[in-house]
There are 2 protein chains.
Amino acid sequence: VARHFQRELDDLKAKLLHIGALVEEALDHALSALHRLDPVTARDVVEGDRRIDQFEVEVEEECLKLIALYQPVAGDLRFLTALLKINNDLERVGDHAKNIAERVVKLAEHARIEGAPSLNRIGTQARKMVRESLDALVRGDVELAKQVCAEDDIVDDLNREIFGYLTRRMQEEPSLVVPAVMLLGAAKDLERVADLATNVAEDVVYMVEGDNIRHNRDRARAARPATPPAS
Amino acid sequence: VARHFQRELDDLKAKLLHIGALVEEALDHALSALHRLDPVTARDVVEGDRRIDQFEVEVEEECLKLIALYQPVAGDLRFLTALLKINNDLERVGDHAKNIAERVVKLAEHARIEGAPSLNRIGTQARKMVRESLDALVRGDVELAKQVCAEDDIVDDLNREIFGYLTRRMQEEPSLVVPAVMLLGAAKDLERVADLATNVAEDVVYMVEGDNIRHNRDRARAARPATPPAS
């Protein structure tokens, strides 16, 4: 039974990593569509989100079935709990990729706003954090996972820069208001992607070390003076 | 054992409803702070989110423990699965209430934008849907749950109105750009709250009827011509 259970856990983890690969692909395509304002690629991303949703439902059902069937305790229960959360977080990253793609479809009808270099940087950074959080999951690499958590502030800073730049552009040129608001939305989506990558990384730490650090970050944030999100 | 298990399920549901009550309170206070641009109430909401997070972690742990301990099948497993999802969704509603409150703290430093009546309406509507989804959960009321799902379009329409109004105001008065962007963000948060209330309602249907309708909505949406979100 133990060996069978172990194989089931491995299969489930492989399935979750497959979702991870689909989500990374969706994010890549969404970022590329955003960069080139390409509505065709964007529509593919929107379409493809259904597959991610289906896989998420499957992984969740199997996770709960394994918990009921094998009554795991300690490490194995922690492993399955973490898989459940990561599954949910990856699906949400997919949702944000879809949101960005939907914005691109709309943005393609408006004036192009040049010179928001931080927007590319926030995309690259969020993408990197998703990649690293999945690598940390594959290898059970706690150090890498903790590094991802530390990178979250970079994204918050970039988002503030983008907010400052785009609101200034809107004030200068009223015709840019609508596309600038959409770009702000895309930046916000990417900030959320980075947050979710951080969640995944925290769950990797929990999986390996058994320490629930997820809400500690919120507590640390709450203890700081309030610095509201840029948008 | 069966009677003991039933009592544990009842206790867990009561705990989840307690989270629901905390989340409703947070949302009420966030909306009231937004209406009056009151940073003091807003800071209380930000502070209070930690309690919601703590309860969420507890409910999740107990849920998984019950699954491992009693190996429920069919209806009982479905009930616990639904509780897990609703728990997660309610915590996210709490996060959005916190986001709105953080925006209020920042908004209080800017010029007040009058005449966005749809913003109050979207708040009232999102609030109503949270209330109804929790009522549907308490009573296992599938009809009410389905009604909540049908109301989601109202919120999307209101959000489009708000988007049109606020982008017009920004074009007319550049000094309103920053506060208007923040109000757009608050409207977006309320749209997400309504989405999450819809998720809760879908899980109530699943709990009672065993039909997983959650991603059906996404599929129905994907089948329609792409109508990207306003912001």
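This is a predicted model: local features need pLDDT of at least 70, side-chain atom pairs count only at pLDDT 80 or more; totals for chains, interfaces and linings use all residues.

Visitor: OK, F5(A) and Y70(A): buried or exposed?

Guide: F5(A) and Y70(A) are both buried.

Visitor: And how are the rings of F5(A) and Y70(A) arranged? What are the distance and angle?

Guide: Their centres are 4.5 Å apart and the planes sit at 35 degrees, so the pair is tilted. Rings of Phe, Tyr and Trp (its six-membered ring) pair if their centres lie within 6.5 Å; planes under 30 degrees apart are stacked, over 60 edge-to-face, and the rest tilted. F5(A) belongs to helix α1 (residues 2–36) of chain A and Y70(A) to helix α2 (residues 39–70) of chain A, 65 residues apart, which links distant parts of the chain. Helices here are DSSP runs (H or I, at least four residues), and strands are too (E, at least two), numbered from the N terminus.

Visitor: How many aromatic pairs are there over all chains?

Guide: Two. F5(B) and Y70(B) form a tilted pair, with 4.5 Å centre to centre and 35 degrees between the planes. F5(B) and Y70(B) are buried as well.

Visitor: New topic: where is T41(A)?

Guide: T41(A) is in helix α2 of chain A. T41(A) is buried, at a relative accessible area of 18%.

Visitor: What does T41(A) touch, leaving aside neighbours within four places in sequence?

Guide: T41(A) is in contact with H29(A), A33(A) and R36(A). Contact means heavy atoms within 4.5 Å.

Visitor: Last one: how do α3(B) and α6(B) cross?

Guide: The axes of helix α3 (residues 74–107) of chain B and α6(B) come within 9 Å and cross at roughly 170 degrees. That makes α3(B) roughly antiparallel to α6(B). Angles over 145 degrees count as roughly antiparallel, under 35 as roughly parallel, 65 to 115 as roughly perpendicular and the rest as oblique. Axes are lines fitted to C-alpha atoms, for helices over the stretch in contact, with angles from 0 to 180 degrees between N-to-C directions.

Terms used:
Residues are numbered from 1 along each chain as its sequence is written. Chains are lettered from A and ligands numbered from 1 in the order in which they are written. Side-chain values use heavy atoms; hydrogens and water are left out. Buried means under 20% relative accessible area, exposed over 50%, partly exposed in between (1.4 Å probe, protein chains only).
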